[in-house]
Each structure stands twice: as C-alpha cells, then as structure tokens.
Amino acid sequence: MDKEKFLQQALRIKDPELLSRFAASSDVKHFKKGSFLIQADDRQEYADMIVSGIFRGFFIDYQGRDITDGFFYQKGEIAMGCHGFNKPAIISIESLTESDVLRIPVPEISRLLEEYHELSVVYTNILMKALDDHWKIKSAIYQYTAIDRYQWFMRTYPELLHTVPNKYIVSFLNVTPVTLSRIKAKLKAAEADQKEKPL
C-alpha cells in the first residue's frame with residue numbers, strides 16, 4: 001500500500017515532509033474477523049486509521065450485557081477506545097470483518113502533532129467530527145421512536161445494513177430482536193403498498 005497516498009487522500013495532508021515522516025513512522029496491521037484492536041482498560045498506545053473493513057466499539061454494562069456503542073468503517077477514520085493518547089480505553093473495539101488499519105505509535109504521532117501545525121488542525125477536525133457524530137447518535141437513540149431509529153440507521157449507515165449482524169444493530173439501536181423484525185416487516189409492507197399504488 002502507498003502510505004503517503006493514503007494519508008494524502010484520507011487526511012488531506014499536503015506537506016510532503018509531514019507525509020513522508022508520517023508514512024515512515026506507521027505500519028499497516030491486519031486484523032482477523034473477531035479479533036480486537038483494543039480492549040477496554042488497555043492503554044491507548046496507537047492511533048489506528050481504517051484502511052479497510054468494519055470495526056465495532058462496545059462496552060459491557062452493569063448487567064453483563066454487550067452494548068454496541070458505534071462502528072468504525074470509513075477509510076481514514078481513526079478508531080480509538082478513548083479520546084486521548086496513553087489513556088485507558090473506555091470501550092473495546094472488535095473487528096467484524098477481515099480488516100486493515102494504518103497504525104502509528106502514540107510517541108510518534110505526538111511528536112508530529114507538536115512539530116506540524118497542519119497535522120494539529122487535521123487532528124482537531126477529526127476530534128470535532130467525532131464529538132458531533134457522538135451527539136447525533138445519542139440524540140437518535142434516546143429521542144427517536146424505534147422505527148425512526150432504524151430508518152435513521154438506514155440513512156446514516158447504508159453500507160452496514162447487509163454486512164453487520166442484526167444482533168449488533170439491535171444493541172446499537174437499543175431495541176429487541178423482535179422489535180427489529182417487526183419494523184423490517186412493517187417497512188417492507190409499506191414499500192410494497194407504495195409500489196402497488198397507481199401512478
């Protein structure tokens with residue numbers, strides 16, 4: 001993989017020297033389906049950028065239930081268990097498919113952030129987008145009805161509809177498997193009725 005080209009396209013980095021140093025400090029790491037990028041309470045020692053595949057973030061609640069907190073799958077997206085380097089991860093991150101990330105150690109990314117203003121701007125924008133996405137998710141999960149939540153998921157994550165197991169979608173949307181099944185049936189019936197209406 002051409003790491004410099006990937007960084008240029010994914011992060012919009014323009015400085016040739018920064019691209020060269022970033023690429024030299026990073027490695028492509030493969031994760032098998034079901035393996036962990038990081039587990040909760042482990043220290044965040046790397047910044048991992050999605051190259052390919054799908055990951056999910058999750059935590060275990062006080063009742064021992066596995067709760068899906070979000071998904072990482074967009075090329076260039078940074079998958080981290082917390083929003084800080086060298087801190088314990090709040091969530092675990094599991095690979096749902098055969099996946100690859102571009103991994104750079106925290107000491108290296110920290111040095112680059114100190115030396116290159118361009119990278120600091122990029123990193124700030126990534127954090128702001130992550131925060132914005134977080135609140136959009138929380139708003140949808142807690143303010144929408146069950147059917148509205150699923151329709152929001154369809155609009156927001158169309159790439160995941162047929163690749164992520166229903167049990168993780170159910171957990172993410174905070175609905176039961178029975179409820180999701182009924183929602184799908186209702187939407188399918190509504191679509192069929194719409195097709196049958198005369199023009």
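**Close-up 1. The second largest pocket of this predicted model has a volume of about 410 Å³.** Its lining consists of 18 residues. Ile-67, Thr-68, Ser-171, Phe-172 and Asn-174 lie nearest the centre of this pocket. β4 (55-60), β5, α4 and α6 (166-173) each contribute at least two lining residues. The largest share comes from α6, with five residues. By class, the lining of the second largest pocket holds nine nonpolar, three polar and six charged residues.

Close-up 2. The lining is made up of 35 residues. Nearest the centre of the largest pocket lie Phe-72, Glu-77, His-83, Ala-130 and Asp-133. Elements that give two or more residues to this lining are α1 (3-11), β5 (66-72), α4 (117-143) and α5 (146-156). Helix α4 gives the most, with 13 residues. Of the lining residues of the largest pocket, 20 are nonpolar, eight are polar and seven are charged.

**Close-up 3. Helices α2 and α3 pack with their axes within 10 Å.** Two packed helices are described by the angle between their axes and the distance between the axes. Here α2 spans residues 16-25 and α3 spans residues 106-115. Their axes cross at roughly 170 degrees. α2 is therefore roughly antiparallel to α3, as angles over 145 degrees count as such. On the α2 side, the contact is made by Leu-18, Arg-21, Phe-22 and Ser-25. These residues meet Glu-108, Ile-109, Leu-112 and Glu-115 of α3. The contact of α2 with α3 has four nonpolar, one polar and three charged residues.

**Close-up 4. Four strands form an open sheet in the order β2-β7-β4-β5.** Strands of a sheet pair through backbone hydrogen bonds, either parallel or antiparallel. In this sheet the pairing is antiparallel. β2 (36-38) and β5 stand at the edges. Each of these two strands has a single partner, so one side of each is left without a neighbour in the sheet. Neighbouring strands of this sheet are turned by 30 degrees against each other on average, direction ignored.

Close-up 5. Ile-38 has Ile-93 in β7 as its bridge partner.

Key
Residues are numbered from 1 along each chain as its sequence is written. This is a predicted model: local features need pLDDT of at least 70, side-chain atom pairs count only at pLDDT 80 or more; totals for chains, interfaces and linings use all residues. Side-chain values use heavy atoms; hydrogens and water are left out. On a 1 Å grid over the protein atoms alone, a cavity is a set of points where a 1.4 Å probe fits but cannot get out, and a pocket is an open set with protein on both sides within 12 Å along at least five of seven lines; lining residues have an atom within 4 Å of a point. Ala, Val, Leu, Ile, Met, Phe, Trp, Tyr, Cys and Pro count as nonpolar, Asp, Glu, Lys and Arg as charged, and the others, Gly among them, as polar. Grid points are joined across faces, edges and corners, and a volume is the space filled by probe spheres set on the points. Axes are lines fitted to C-alpha atoms, for helices over the stretch in contact, and angles run from 0 to 180 degrees between N-to-C directions. Angles under 35 degrees count as roughly parallel, over 145 as roughly antiparallel, 65 to 115 as roughly perpendicular and the rest as oblique. Contact means heavy atoms within 4.5 Å. Two strands pair if DSSP finds at least two bridges between them.
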